[in-house]
Amino acid sequence: QSKYGSTKQYAEWIQKESNGDLVNIENGDKPNLARYDIIIIGGSIRVGNIVIAPFIKDNWSVIKGKKVILFTTSGTPPQHRKIQSIYEKSLPEEMRKEIKYFPLHGRISSENLTLWDKFLIVIGKIMEQDETLKKDMGKDFDSVQRENLLPLFEYLKEVLMTLSNKEIR
C-alpha cells in the first residue's frame, strides 16, 4: 500500500532486485500467498499505525511459518524509538517473532496532501511530545533512496541461501 509513492517505489526496487511478483492490494489484487516461501509486505505508517497490519492479521493463517519481511515508510526517521513502539502496537508479539521488520524513511510533498492529511498533521503536531518530530511535521522531504533497502536486500540474500541449501539436502 502506498499513499505518496514511497512504498510503491521501494516495492518496485525490491521486485527488480528479487525478480519476485509485485502485487498492489489497494487495487483489489488478491495474491495467492500460499504459493510463496518468502513474502515481502510493504505499507506506510499513518496516524501511529502500520496501514498494512490488518492485511497481515487477516492473512496470518496462510503466511505463518513462511519467511515474512515487512517494510514500512513514514515521516518519522526509521531509527526513532517511536517506530518500534508503532510496530509493537500494530502487530501482536506472536506475529512479530516471525516477521523481519525494516522501517524506511519516506517522503511528503505538501502539494499532494489532501485536506484530511493536513488536518491529521495539525492534530499530530498538537499531540506529539517529541519536539524534534513536531518541528518537522508537515515539512516537505524526500528520503526515498534505493540505498535504504540494502539491509533488506542482505537479509533476503541470506534467506534465499538458506532456502536453496534446504532444497539441495
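**A pocket and some rings**

Guide: Helix H1 gives the most to the lining of the second largest pocket, with seven residues. This is a predicted model, where local features need pLDDT of at least 70, side-chain atom pairs count only at pLDDT 80 or more, and totals for chains, interfaces and linings use all residues. Residues are numbered from 1 along each chain as its sequence is written, and side-chain values use heavy atoms, with hydrogens and water left out.

Visitor: What volume does the second largest pocket have?

Guide: About 810 Å³. Of the 33 residues that line it, Asp21, Leu22, Val23, Ile40 and Ile41 are the closest to its centre. A pocket here is an open set of points on a 1 Å grid over the protein atoms alone, where a 1.4 Å probe fits, with protein on both sides within 12 Å along at least five of seven lines; lining residues have an atom within 4 Å of a point. The volume is the space filled by probe spheres set on the points, which are joined across faces, edges and corners.

Visitor: Which elements each supply at least two residues of that pocket's lining?

Guide: Helix H1 (6-18), strand S1 (38-46) and helix H8 (150-168) each do. Helices (H or I, at least four residues) and strands (E, at least two) are DSSP runs, numbered from the N terminus.

Visitor: OK, rings now. How many aromatic pairs are there?

Guide: Four. Tyrosine 10 and tryptophan 13 make an edge-to-face one, 5.8 Å centre to centre with 70 degrees between the planes. Rings of Phe, Tyr and Trp (its six-membered ring) pair if their centres lie within 6.5 Å; planes under 30 degrees apart are stacked, over 60 edge-to-face, and the rest tilted. Both residues sit in helix H1, three residues apart, about one turn of the helix.

Visitor: Is tyrosine 10 buried or exposed?

Guide: Buried, at a relative accessible area of 0%, while tryptophan 13 is partly exposed at 21%. Buried means under 20%, exposed over 50%, and partly exposed in between (1.4 Å probe, protein chains only).

Visitor: And why is the pair of phenylalanine 102 and tyrosine 155 called tilted?

Guide: Because the planes are at 50 degrees, with the ring centres 6.1 Å apart. Phenylalanine 102 is in strand S4 (residues 99-105) and tyrosine 155 in helix H8, so the pair ties together parts 53 residues apart in sequence. Both are buried.

Visitor: Why is S4 largely enclosed?

Guide: Because five of its seven residues are buried.
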